[in-house]
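Subject: Structure for your records

Hello,

Here is the structure I promised to pass on. My notes on it follow below.

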Amino acid sequence: MSPAGQGGAEGRGTGGPGDGGRDGGQRHGGARDGAGRGDTGRSDRGGARDGGRAAGRDAQGRQRGAARSEGRTTRSAAAPGQRRRGTDPARRVAFDVLRTVAEGDAYANLVLPPLLRERGLTGRDAGFATELTYGTLRLRGRYDAVVELAAARPAARIDGPVLDVLRLGVHQVLGMRVPAHAAVSETVGLAREVTGAGPAQFVNAVLRAVAREPWDVWEQRIGDAADPDGSDPVARLATVGSHPVWVVRALREALVGNDRGVDEIAALLDADNAAPLVTLVARPGLATVEELGATADAAAGPLSPTAVVLPGGDPASLPAVREARAGVQDDGSQLVALALGAAPLDGPDERWLDLCAGPGGKAALLAALASSRGARLVANEVQPHRARLVRQSLHAVPADAVEEVRTGDGRTVGTDEPASYDRVMVDAPCTGLGALRRRPESRWRRTPADVATLGTLQRELLGSALRAVRVGGVVAYVTCSPHLAETRLVVKDALRAAAKSGVDVETLDAAAVVRDVARRDVDLPDRTDVQLWPHVHGTDAMHLTLLRRTS
């Protein structure tokens, strides 16, 4: 597998998974040193403490750090007064984002943009901070494995701030076009600034060890360490590909379950680790792809006729985006919304429902489509703050196309408003395993237990939608996850439960509908449901099933 992408601005996501349990990834557990104290990044010998304390004294009785007392440091050629005491603002921003993500369960795509504005970073500096942040988050598992070999200790034995500094440094050395000497020097300066002089010595020693070998050597070493006898190729894939093992297994099963080859898994992991481009949606009747594509080097989206891909930059600088006539939205997310609008139904086509509307990207696209047909949209969202985001997304849509934006539990709509809608979107909350390139921290937070918990919610929401749609109307079941337990199994169970309650449903050919609305031919297996993939389609791994109620 190749290292991370080389710079460039990060596409901002449009929604994504909620917070879940943390995933341990490649960590080993909370080992302690010989003195019974938590280790923050230096020697295990003699119960040495971190932070530059108690590792021995020199001939004059002065305190020395553990690394120096054991002769493990490489002295700088610069005089002490000339050594870098801090780092540049871009690297500091990346570190601060990583700490906020780790300590506050925040999402980088919500933390980084305002921090860049607050610190006044623009242009190349903002691009560097963005790549450093997201690349480090995506490849955390890979880099932890490298650190463990270079430092000869488990990553869990290194204090969180020190470990984040090391991850940032390793990404610069192995995953970016930063000269090794600059990567080490600047990262050691960052360590001095945020963790102190003692840990900075440890960071210096580890990064110098990392910089001695190129990525292909480290790839072999960490792979061999994960799978020493060659009996567990998934463990090797997970370590080198920087995904938790359970996620790799789930993605392999999803590929096979969707009639794709299991040998595609390496390409899928690589696609998850590549920085996505910024994709905009031109909301029909409000903006055009020509208007959005006027930016230099802009290109049409890979599939959706309403998509425009930008080479980078801040989308908010475009008037259409600021005015909500356009928005940031993945190409696959656009395509599934367009497919619901194009799905064949029987009877009137006047009232649409987005059952889980937050943060509003699909709702805005659906409302724009509804407006062009004289229909109107009800947008339902259970969380008030996300309902406010929906209202912002719908700001430019003609008022007569939006019946209501309301806060409510989507699971009760089918009971409260039976047979009331012609088209219903169920963009169900999910693990977000299909958007790991945009929400890289999700892979380290989610656990298999989340799949079961979310599966119950997904079934209830789809069941509610099937009761809320009228006979002859259409429901789109959508997830940003390819996990079979969140896609095909949910649909199967919901249809069985609906039939028991007297609601009969037929499955439409979603693949045919997607091919009709896409701007070019779409590589899809011979199936009625649709599973998109980042390594095949250049989109998030969106799932779509179209269902029409028959009685």
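A disulfide here is a pair of cysteine sulfur atoms within 2.5 Å. The model is a predicted one, in which local features need pLDDT of at least 70, side-chain atom pairs count only at pLDDT 80 or more, and totals for chains, interfaces and linings use all residues. Residues are numbered from 1 along each chain as its sequence is written, and side-chain values use heavy atoms, with hydrogens and water left out.

Cysteines

How many disulfides does the count come to? Zero, by this rule. The closest cysteine sulfur to that of Cys430 belongs to Cys480 and is 5.6 Å away, which is too far for a bond. Cys480 is likewise in no disulfide. Both residues are buried (under 20% relative accessible area with a 1.4 Å probe and protein chains only; over 50% is exposed, and in between is partly exposed): Cys430 has a relative accessible area of 7%, and Cys480 has 15%.

Overall make-up

The protein has 23 helices and 12 strands, taken as DSSP runs numbered from the N terminus (helices H or I, at least four residues; strands E, at least two). Of its 551 residues, 56% count as buried. Contact means heavy atoms within 4.5 Å. Among contacts with a separation of 6 or more, 76% are between residues 24 or more positions apart.

Nonpolar cores

A nonpolar core is a set of buried Ala, Val, Leu, Ile, Met, Phe, Trp, Tyr and Cys residues joined through side-chain atoms within 4.5 Å. The largest has 52 residues, and Val93, Val97 and Leu166 are among those with the most contacts inside it. Elements giving two or more residues to this core include helix 2 (89–104), helix 3 (108–119) and helix 6 (160–175). Helix 6 gives the most, with eight residues. Beyond its neighbours within four places in sequence, Val97 touches Ala108, Val111, Leu112, Leu115 and Thr133. A second, separate core of 50 residues includes Ala363, Val397, Ala476 and Val530.

Charges over a ring

A charge sits over a ring if NZ of Lys or CZ of Arg is within 6 Å of the ring centre and within 35 degrees of the ring normal. Tyr107 has the charged end of Arg439 over its ring, 4.3 Å from the centre. Arg445 also lies over the face of Tyr107, at 4.9 Å from the ring centre.

Regards
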